[in-house]
Amino acid sequence: MAVIRRGANAAGTTAFHWGAAEFRNGPAGLVLGGRAQDPAPSRLLANVASAARHPARVSRPHVRRGWLKNGPGPDARRGRDGHVAMDWPEVIGLLGDELHRVYDRHGPAAVFGGSYGWSSAGRFHHAQSQVHRFLNTLGGYVRSLNTYSSGASEVLWPHVFGMSLGEYLDRCTSWDRLQGTEVFLCFGGMAAKNLDVAPGGLGAHRTELHLANARAAGARFVLVSPQRADLPAFCEADWVAIRPGTDTALILALCHCLLLAGRVDRDALATIAEGADEVLAYLGGAGDGIVKSADWAAAICDIPAARIRQLAEDIASRKTFVNVSFSLQRAPHGVNAVWAGIVLTAFLGAFGKPDQGFGHGYGAFGSIGERGAAVRFPAFPQGHNPEPAFIPVARLADCLLDPGAAFTHDGGRHAYPDIRLVYWAGGNPFHHHAQLEKLGRALARVETLVVHEQYWTATAAHADIVLPATLPIERNDIAASARDNHVIAMMQAAEPFGEARDDYAIFADLSARLGTAEAFTEGRSAEDWLAHLYGRFRDACARAAIAVPDLAGFWQAGVLELPQAPSRIFLGPGDRAAAPAAKIVLHSPALARLGHAECPGHAAWIEAGVTPDARFPLCLLANQPAGRLHSQLDAGAASQATKTGGRETVTLHPDDATPRGLAAGDTVIVESRTGALLAGLRLSTGLRPGVAQIATGARFSPLAANAAPICAAGAANALTEDRPASTLTQAAVGALSAVQIRRWEGPAELPAVDETAITKGTS
Ligand SMILES: Nc1nc2c(c(=O)[nH]1)N[C@H]1C(S)=C(S)[C@@H](COP(=O)(O)OP(=O)(O)OC[C@H]3O[C@@H](n4cnc5c(=O)[nH]c(N)nc54)[C@H](O)[C@@H]3O)O[C@H]1N2
Ligand SMILES: Nc1nc2c(c(=O)[nH]1)N[C@H]1C(S)=C(S)[C@@H](COP(=O)(O)OP(=O)(O)OC[C@H]3O[C@@H](n4cnc5c(=O)[nH]c(N)nc54)[C@H](O)[C@@H]3O)O[C@H]1N2
Ligand SMILES: [Mo]
């Protein structure tokens, strides 16, 4: 008999991207808690049971009225039109026919299946893998390249280190080799709120312990950020409240100070890096006639020059670890700040030494800098995609609005494909994309938008066909993260909501309809696939001489802790056995030849143009939320606890609120060049004056139907600008924009997000 069975268990283990959990079904319903072995279980666990049966769940398959009436085609009513409920067999028939039509008439180059998004932690019910495998069995799809998280760095890394960013994150210095660090210089911090999360989940949240240990051992923390909360309070950081978007100038000035003070060992530098001469010349004014001095940077960053010089002295005379957060590159010209951080570390001679060096993304996830395990849990195979067309992930709206237009990416020239059908499962573009009003216009152009969703997100509300998906607690799965050393049994804890089905079951049914069932399922049920994947994992463990129980033993234990991989110090490009003599590239002739103004071939300070002006005088940080993962489970208790008056909270310094006549708790309207939202006001002196902060992830809920939309719930991306971070990377911006804030005098009611409201439509 199968070891893993469908049906809710009375008690067991499960996992989310925010970590492993234990659950019990008692008289009070489903109760979830962290594992006893987890030093810091996530507060986001509180979102799960409280949101699981929320009226915003999608209970049945739905089809948009206009699509049903008029058939596939462009339609500006997407997002406002109502939906009608439909039975599964009927909707599978409709969608099967539509897929047939599009593939027959236009081929895979007309189907966008990038489907970017985090979906959930399980490795089998991983919605992207599911949708990619399904579309591959039909002939392929247009994919998306890189991520919203670190898209600029993903392009930079091979040029600088000769390896991908993913390979770097596998090789980066482990926390146990940073326990004697004297100074942690943290650009963008390492915010405690972000450490809950790792792609694929975590068996144990350890990063705060590493930070606390380093602090107890005497490490000093320097926090370069517009927000004091970007390092835990126990780090007692020196807070350098930099003007947002200007880190590159500060870092270049630190390099210049090291140079002036004779702190750069040029011979040593030449042994680890190439292109230093061009960078040294640039610091001295070559190219733009500007000496990158402390006085120069002081005016740009709003940090006293003496403090910059002192900071350079401090890091030069102590064992320093330089960390640059992902957020710094999620901004116009963002790649420069990261490359500058690499230059600074090379000038310090800190690569390859214990307790020193360079880090990127430490603090973004709870898994970065962890040693992980020698064997990884296998991914659900996606098959082969024969379709060559792609888009850089953040260019979705541009592609849909301008098919055929040329774009550049990493030096290559390409054209946007002509997309007819968009298929999304496990992501929420109305969360992740910038300038949501433009995304709405772009999605109005397609013929058919299909979404599998658990909740009536704005993406679901725009879709022509909405198929209800199960939550992770409603199915069996196995969670594992690339850089964590646990494998976690995700045991079904609840029955599926309404008529919700697993993504796999939906695709299996569609495949049967389209005659590709054998290729998609290989004859396996979901539980058979779990047994198959676990079997492959166990074989790999056996080859590595790691003993793990059989499937029954694993499922009984719930959590498997694997031996940790050896600790590591990142050397640079020479880390790869294949290229031991390779050097860090500080100036790339290949990039210089591309002639992109914002990337002259080395880290450079070039104004980015998100700068506040008289009309939009505040700089807005739109960062990751503390109470949820992106937009997921926004209805849950932990997320709702972060709201003000039911809306997303916007934070201002009291010095910015007082002249505007604003007080804590006020409902305010935040406006940018591209949109507006309503939010509840919070005041904090932990924010640099002139800066506002709002977390991303509230539901895009426009108030006005036709006028420029005002998002009533406070979705940050109602305000951001959809433009590429650079012509080199085409990466997402989103982290920064310029805004104005005033009191909102209009109607204050928040639109209800429940199935009845959605199916009726808004006009
Ligand atoms: N302004 C601004 N914008 C940002 C960011 C920012 O900092 N500022 N951050 C960016 C970053 S780094 C990222 S990674 C992106 C994240 O963007 P996304 O990954 O798109 O955001 P999520 O909210 O995680 O979206 C996942 C969606 O999948 C659904 N889902 C979950 N599990 C399943 C499943 O098993 N099946 C199906 N069918 N659906 C499922 C959830 O309900 C949710 O709607 O956002 C980016 N956007
Ligand atoms: N709780 C929770 N944790 C998460 C996520 C989540 O949704 N919820 N998302 C996860 C994902 S997908 C990712 S990619 C990572 C992202 O990890 P990060 O990109 O590091 O996260 P952010 O919160 O966007 O940014 C970190 C901090 O950078 C600061 N910052 C912004 N702009 C600037 C600037 O110009 N200069 C300086 N010096 N600092 C700046 C902000 O104050 C912000 O709080 O987080 C992950 N962790
Ligand atoms: Mo991300």
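This is a predicted model: local features need pLDDT of at least 70, side-chain atom pairs count only at pLDDT 80 or more; totals for chains, interfaces and linings use all residues.
Modeller: Residues are numbered from 1 along each chain as its sequence is written, chains are lettered from A and ligands numbered from 1 in the order in which they are written, and side-chain values use heavy atoms, with hydrogens and water left out.

Colleague: What makes a residue count as being around ligand 2, and which ones come nearest?

Modeller: A residue is near a molecule if one of its heavy atoms lies within 4 Å of it. Ligand 2 has 30 such residues, and Lys193, Asp230, Gly245, Asp247 and Ser327 come nearest.

Colleague: Why is the Lys193 pair called a polar contact?

Modeller: A polar contact is a pair of N or O atoms within 3.5 Å (within protein, one must be able to donate a hydrogen and the other to accept it, and residues adjacent in sequence count only if both atoms are side-chain atoms). A side-chain N or O atom of Lys193 sits 2.7 Å from an oxygen atom of ligand 2, so the pair meets the cut-off. Gly245 gets there with a backbone N or O atom, 2.7 Å from a ligand 2 oxygen, and Asn623 with a polar side-chain atom at 2.8 Å from an oxygen of ligand 2. On its own ligand 2 has 910 Å² of accessible area, of which the protein covers 97% (Shrake-Rupley method, 1.4 Å probe; for residues, only the protein chains shown count as cover).

Colleague: What makes E9 and E10 a strand pair?

Modeller: Two strands pair if DSSP finds at least two bridges between them, where strands (E, at least two residues) and helices (H or I, at least four) are DSSP runs numbered from the N terminus. E9 (residues 220-224) and E10 share three bridges in the parallel sense, so they qualify. Val222 stands opposite Asp238 in E10.

Colleague: Why are E10 and E13 at the edges?

Modeller: The open parallel sheet runs E10-E9-E8-E12-E13. E10 (238-240) and E13 (357-360) each have a single partner strand, so one side of each lacks a neighbour in the sheet. The mixed sheet runs E5-E4-E19-E18-E17-E6, with E5 (83-85) and E6 (111-112) as its edge strands.

Colleague: Why is the Trp175 and Tyr362 pair called edge-to-face?

Modeller: Rings of Phe, Tyr and Trp (its six-membered ring) pair if their centres lie within 6.5 Å; planes under 30 degrees apart are stacked, over 60 edge-to-face, the rest tilted. There are 37 aromatic pairs in the whole structure. Trp175 lies in the loop between H6 (165-171) and E8 (183-187) and Tyr362 in the one between E13 and E14 (390-392), so the pair ties together parts 187 residues apart in sequence.
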